[in-house]
Amino acid sequence: MSTTEAPVTDERILRTSPLRKLLGRPELGSVVGALAVFVFFAFAADSFLRASSMSTVLYASSTIGIMAVPVALLMIGGEFDLSAGVMVTSSALVSSMFSYQMTANVWVGAGVSLLVTLAIGAFNGFMLTRTRLPSFIVTLGTYLMLTGANLGVTKLIDGTVSTKTIADMEGFPSAKALFASTITVGGVDFKVTILWWIGLIAVASWILLRTRAGNWIFAVGGNQDAARAVGVPVTRTKIGLYMGVAFGAWIAGQHLLFSYDVVQSGEGVGNELIYIIAAVIGGCLITGGYGSAIGSAVGAFIFGMTSKGIVFAEWNPDWFKFFLGAMLLLATLLNVWVRKRAEATK
């Protein structure tokens, strides 16, 4: 008696439909939201579609996006950083004060600032992994310490709440060209921070999707204990993620310094929430294990369009945070709906 065996199908080699792939993308909800915001302000503000206006929108987006990208990776890894906003200011202050007080080339100050900022990021990661305290507590403590140090040290050294100008110091023109220059394309001026932003998006996407470290990030964000059980270096991964946020803070801090050549010690407070909002609007989950670098970029772009679109539409800017909060809620609900649709198609 002959029997016909049913073919065995391995679910790992099943073809995935384009719709299922699309619904599974973390940034889908944010892209839909970005299109809606773009169309809205295109009709609400006559000047919104001008090339110069879009350049302004991209610049505003890039200053948030430079930090939103590493913050998104950290959130995918299951943590967040409340000290990210003031760390940007700390980075700029260290560069400025070291260069001025030591009468050194500003590149020396920038190098010292990089080391100090990375050390702050490593401290956050080390404290988190050693103490097992929630990242909220650890980074809130760092936030408060940096806020006090930024003001206290600046007043102690410079006697005021702002640094002295370093515009006439050696190395300033070349540093300004790298961190705060303007590039003219077709008669429209674009800030170099846009290139930094695009570069960070590309590197972060490559890390997440093409490297072993990217698998580690998703693993520790999804289930830290299970990841440790299969050999994922949880401690090293989380410290690395916090240092990634610190590196973004260094870039943003140097842009802040070399754009204005002086730094106000009280800047940056509250910006950490904007970075987190951009990442969440871009599809990152507060619980970790889900998100993308591209999504955080779209979230930052939504922020840039909203902040500048309100100005172009000549509305009262006092309503900005209202619109930002509404977008956060709508984007989160849309992301939840997209995820449920994606799970229903499996």
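**Exercise 1. Describe the chain as a whole, starting with its contacts.**

Solution. Among contacts (heavy atoms within 4.5 Å) in the protein chain between residues at least 6 apart in sequence, 76% join residues at least 24 apart. The model is predicted, with local features needing pLDDT of at least 70 and side-chain atom pairs counting only at pLDDT 80 or more, while totals for chains, interfaces and linings use all residues. Residues are numbered from 1 along each chain as its sequence is written, and side-chain values use heavy atoms, with hydrogens and water left out.

Next, take the secondary structure: the protein chain has 14 helices and two strands. Helices (H or I, at least four residues) and strands (E, at least two) are DSSP runs, numbered from the N terminus. Finally, 47% of the 346 residues count as buried. Buried means under 20% relative accessible area, exposed over 50%, and partly exposed in between (1.4 Å probe, protein chains only).

**Exercise 2. Determine how helices α8 and α13 are arranged.**

Solution. First, locate the helices: α8 spans residues 193–210 and α13 spans residues 293–312. Their axes come within 8 Å and cross at roughly 150°. Axes are lines fitted to C-alpha atoms, for helices over the stretch in contact, and angles run from 0 to 180 degrees between N-to-C directions. The two helices are therefore roughly antiparallel to each other, a term for angles over 145 degrees.

Then list the partners: W197, I201, A204, S205 and L208 in α8 meet A293, I294, A297, A300 and F301 in α13. The residues of this contact divide into nine nonpolar, one polar and no charged. Here Ala, Val, Leu, Ile, Met, Phe, Trp, Tyr, Cys and Pro count as nonpolar, Asp, Glu, Lys and Arg as charged, and the others, Gly among them, as polar.

**Exercise 3. Characterise the largest nonpolar core.**

Solution. A nonpolar core is a set of buried Ala, Val, Leu, Ile, Met, Phe, Trp, Tyr and Cys residues joined through side-chain atoms within 4.5 Å. The largest has 78 residues, of which F48, M67, F258 and I302 touch the most other members. Helix α3 (residues 51–76) gives the most to this core, with 13 residues.

Now consider F258: apart from neighbours within four places in sequence, F258 is in contact with V106, I166, F172, A175, K176, F179 and A180. A second, separate core of five residues includes W216, V220, A227 and V234.

**Exercise 4. Compare the setting of V262 with that of helix α12.**

Solution. V262 sits in the loop between α11 (234–260) and α12 (271–281). Because its relative accessibility is 28%, V262 counts as partly exposed. Not counting residues up to four places away in sequence, V262 touches T163, K164, T165, L256 and L257.

Helix α12 is mostly covered, with nine of its eleven residues buried; E272, Y275 and I281 are among them. After α12 comes G283, whose phi is positive, near 110°.

Definitions and conventions. Angles under 35 degrees count as roughly parallel, over 145 as roughly antiparallel, 65 to 115 as roughly perpendicular and the rest as oblique.
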